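Student: Could you walk me through this structure, starting with what counts as a salt bridge?
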Amino acid sequence: MNTQQLALMKKDIRSITSNKRVLTVMLMVPLALTIVLPSVLVFCITLVPESTADFQKLLEMLPVSAEEQNQEQLLLGLVLNKIIPAFFLMIPVMASSVMSAGSFVGEKEKHTLETLLYSPLSLKQLFQAKIMAGFTVGMLVSILSFAAMMLVLEIELFFLTGSVLVPEMSWLVVLLLVAPAISLVAIAVTVRGSAKAQTMEEAQQCAVFLIFPILALVISQFTGILLVNSWILLGLGIVLAVLAAALMKGAEGKFTYERLLK
Amino acid sequence: MKAVETEGLSKIYTGGNKAVDNISFCLEQGEVFGFLGPNGAGKTTTIKLLNGMLAPSGGSCRVFDIDPAQNPEKLHQMSGVITEHAQMYDHLSGMDNLIFYGTLFGRNKADCEKRATALLERLDLADAKQRKLSAYSTGMRQRLSLARAMMHSPKILFLDEPTSGLDPESAQNVNTLIQELASDGTTIFLCTHQLRYAQEICTTYGLMNQGNLFATGNIEKLRSMVSDKVKVRVKASCIPEDMECEKIGEHTYDISVNSEEEIPLLVRRIVGAGGDLYQVSAEQLSLEEIYFSLIDKNHAETECGNL
């Protein structure tokens, strides 16, 4: 990254943060997934224990028997380490795709892309700077959401149960591998769509299909079909990283001045 | 080294639309080249070809000996471009926009601020420099675009309608600036519909119609393509009966002569015939008259060719 690319990245990030509508969308989803949803689950488990009967089957599938640990703690662990990570993956997908749609098609819509193309940055450098802007925002929103979630959850748990819950190693895999990889996949898909899309919404829709595998993962957590653990997440992260690399390479080749100006 | 050189340059868009058809011309450094023609003549396409935004379908072009299609980044380092679709960021102030674009050209922030301040001052935008672009009028945006294109002190400026949306005073200010730039050695490639302004600032011209460059040269050359005659407007009490003329008002006549040298002879004949002379002026064809005359001629030739 040279200084010109950094200037472009900084400008892209500023464009999004100065757009209240886009910023609201970008903050509402993490707020719902990392503060509201976990809090509702924690309150249900600790304050209305009978509502947890539905989780009984799930508990039976866990490697630890209910006798070894308090059932409430087990359920809280299940929520924090199995269910929320699946929901959490929606955050990098959403943040990165909103950011990259704005940064590619948004420029096209506002007729500012042509001005950028007349700069001495090569198309590859422009492409890299814009991807880095999307990735940085995606990761920043994800990490801040995780930090906010942990802070709120631990405070709630401390007041409700008198103890705190330590997140499992799987969270580290999510934050360091799966979230960055899925963020890059979302960016690559959005960028590929941007070559043809005329509006930001059209470009964002390209990444919507990524939500379906995440929803399947969420459902599998609730039904116990495939409970995530560090190894499953590691495998998923590697597959996503390879997919992101392949998609990026393909997307890069799609960009020519002529196509971008259409 | 030529500033711009094209040889049989053509561009056919997908779908078969021939936007630029086999055009060849050369520009010297420091020239102000007026690229004139109606909408859809291929002017903007030519600018895009010369900046590497479009790949030519045929022929070649070089700008300061750089092939734009092969090395656009190197060319962009020394060129500034204003087109209708090259806009700036509404959420940034005029000053921040200029600093951003200056940084893209590798200048440091302090340099950019200094240069931006000078340009904003020069283009009467100093009072609005901290205002967001969304609050700028069309004319202010246009002037800021010119400042943006000049941020990196380019060797060549491609200006597509730089005075559109400007009030006469601002347009005059921009034209003076263009002339100053040209006198400092910057080559200007100017597309415009405002022929009166073009005549004030351009040194050479290229006339386009339906993708064809049908006339190039300075105004004298273009004038000679329309007519070799000089029109003399005479206000006299009477003129000799055998003198060929066109009466255009009371005691006012247009008379065609072959050259300015014939004017004293003409005056002597009128006075000799007992006429009182009140006014004599050699009327030269303006760029506007030349343009319409040549465009009509080109249309007629195209239609003949099609038949």
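Tutor: A salt bridge here is a side-chain nitrogen of Lys or Arg within 4 Å of a carboxyl oxygen of Asp or Glu. Please keep in mind that this is a predicted model. By that rule A:Arg14 forms a salt bridge with B:Asp96, the closest N and O atoms being 3.3 Å apart.

Student: Where do those two residues sit, then?
Tutor: The pair crosses between chains, with A:Arg14 in helix 1 of chain A and B:Asp96 in helix 3 of chain B.

Student: How many salt bridges cross the interface of chain A and chain B?
Tutor: The rule finds two across that interface. A:Glu258 forms a salt bridge with B:Lys11, and there the closest N and O atoms are 2.9 Å apart. Helix 1, helix 6 and helix 12 (257-260) of chain A each supply at least two residues of the side that touches chain B, and helix 1 gives the most to that side, with six residues.

Student: What is the make-up of that side of chain A, by class?
Tutor: The side of chain A that touches chain B has 10 nonpolar, eight polar and six charged residues. The contact as a whole takes 24 residues from chain A and 28 residues from chain B, and the area buried between the two chains is about 2,400 Å², of which carbon and sulfur atoms give 64%. Polar contacts between chain A and chain B come to 13 residue pairs, counting pairs with both residues at pLDDT 80 or more.

Student: Back to helix 1 of chain A, what does its buried part pack against?
Tutor: The buried residues of helix 1 of chain A pack against helix 2 (20-47), helix 5 (90-109), helix 6 (113-117) and helix 7 (123-161) of chain A, together with helix 3 (94-104) of chain B. Those buried residues include A:Leu8, A:Met9, A:Lys11, A:Asp12 and A:Ile16.

Student: And the ends and length of that helix?
Tutor: Helix 1 covers residues 3-17 of chain A, 15 residues in total, and reaches 21 Å from its first C-alpha to its last, close to the 21 Å expected at 1.5 Å a residue.

Student: New topic: what does B:Asn209 touch?
Tutor: Leaving out residues up to four places away in sequence, B:Asn209 touches B:Pro38, B:Ala41, B:Phe214, B:Ile295, B:Asn298 and B:His299. B:Asn209 is found in strand 8 (residues 204-209) of chain B, and it counts as buried because its relative accessibility is 3%, under the 20% limit.

Key
Residues numbered from 1 in each chain as written. Chains lettered and ligands numbered in written order. Predicted model: local features only at pLDDT ≥ 70, side-chain atom pairs only at ≥ 80, totals over all residues. Heavy atoms only, no water. Helix = DSSP H or I, 4+ residues; strand = E, 2+ residues; numbered from the N terminus. Expected span 1.5 Å × (residues − 1). Buried < 20%, exposed > 50% of the residue type's maximum accessible area, 1.4 Å probe, protein only. Contact = heavy atoms within 4.5 Å. Buried area = accessible area lost by both parts, 1.4 Å probe. Polar contact = N/O pair within 3.5 Å; in protein donor to acceptor, adjacent residues only side chain to side chain. Nonpolar A, V, L, I, M, F, W, Y, C, P; charged D, E, K, R; others polar.
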